[in-house]
Amino acid sequence: MRRGLYVGRFQPLHNGHKAVIDSICEEVDELIIGIGSAQMSHDLRHPFTAGERVLMIRQALSDAKIPLYIIPLEDIKRNTLWVSHVLSMVPPFDVVYTSNPLVIRLFTEAGISVESPPMYQRASLSGTAIRQKMLEGDDWKQYVPSAAADVIEEIGGVERLRMISQTDE
Ligand code: NAD
């Protein structure tokens with residue numbers, strides 16, 4: 001039994017995350033998806049709540065062939081304690097999948113095995129680029145699994161992002 005952990009903010013879940021998750025599912029028997037910065041929502045970098053991100057991931061991976069555990073993880077103010085915090089919140093695992101340098105560093109220093117999946121079309125498949133397209137009224141749906149796009153539409157995600165980008169002046 002090999003269990004993996006994949007951590008991300010998923011603001012929103014996009015096709016790069018989905019490609020990585022699909023390939024991890026070929027390598028492990030079970031996968032934990034940790035939703036980082038779970039306490040954050042309704043700001044320009046983190047428009048979606050943890051629950052909305054759970055829904056995007058769950059719906060987009062409804063045909064996953066292995067068990068998935070989707071677990072929101074709040075940030076804590078001390079990076080040195082973050083790995084212990086994560087370990088206290090998720091089932092035991094054998095390997096962490098991440099390409100985020102800080103996350104790689106923290107798990108490596110804790111003696112935990114880390115694998116870094118390749119990047120897929122990083123220029124277009126990034127949360128920042130996709131949120132920018134939502135703000136500017138450009139086509140963003142092609143970069144997001146269709147089930148995740150449905151969730152974003154259901155919750156009025158684009159309208160929320162545009163509204164919180166405004167000021168009262
Ligand atoms: P993210 O959603 O930006 O990315 C998730 C993963 O997908 C990363 O490994 C990233 O490299 C990868 N990825 C992104 N685009 C890709 C693409 N096109 N193709 C393939 N892979 C792609 O999330 P993140 O910022 O890496 O999430 C890390 C989380 O850990 C954050 O929520 C952060 O706050 C949290 N964290 C918290 C602490 C603390 O609380 N002290 C410390 C470290 C990390």
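This section describes the sheet and the ligand site of a predicted model.

The fold contains an open sheet of 5 strands. Their order is S3-S2-S1-S4-S5, and the pairing is parallel. Strand S3 (68-72) and strand S5 (114-115) form the edges. Each of these edge strands pairs on one side only. Strand S2 covers residues 30-35 and runs parallel to S3. The two are joined by 5 bridges. Within this pairing, Leu31 has Leu68 of S3 as its bridge partner.

The ligand sits in the largest pocket. A shell of 26 residues surrounds the ligand. The closest are Ser37, Ile76, Asn79, Tyr120 and Leu125. By class, the shell comprises 13 nonpolar, 10 polar and 3 charged residues. Several elements supply at least two shell residues each: strand S1 (3-8), helix H1 (15-25), helix H3 (79-89) and helix H4 (101-109).

For Arg122, a polar side-chain atom lies 3.1 Å from a nitrogen atom of the ligand. The ligand taken alone exposes 850 Å², of which the protein buries 91%. Leu125 is also listed among the closest residues of the shell.

Definitions and conventions
Residues are numbered from 1 along each chain as its sequence is written. This is a predicted model: local features need pLDDT of at least 70, side-chain atom pairs count only at pLDDT 80 or more; totals for chains, interfaces and linings use all residues. Side-chain values use heavy atoms; hydrogens and water are left out. Two strands pair if DSSP finds at least two bridges between them. Helices (H or I, at least four residues) and strands (E, at least two) are DSSP runs, numbered from the N terminus. A residue is near a molecule or strand if one of its heavy atoms lies within 4 Å of it. A polar contact is a pair of N or O atoms within 3.5 Å; within protein, one must be able to donate a hydrogen and the other to accept it, and residues adjacent in sequence count only if both atoms are side-chain atoms. Accessible areas come from the Shrake-Rupley method with a 1.4 Å probe; for residues, only the protein chains shown count as cover. On a 1 Å grid over the protein atoms alone, a cavity is a set of points where a 1.4 Å probe fits but cannot get out, and a pocket is an open set with protein on both sides within 12 Å along at least five of seven lines; lining residues have an atom within 4 Å of a point. A molecule sits in a cavity or pocket if more than half of its atoms lie within 2 Å of its grid points. Ala, Val, Leu, Ile, Met, Phe, Trp, Tyr, Cys and Pro count as nonpolar, Asp, Glu, Lys and Arg as charged, and the others, Gly among them, as polar.
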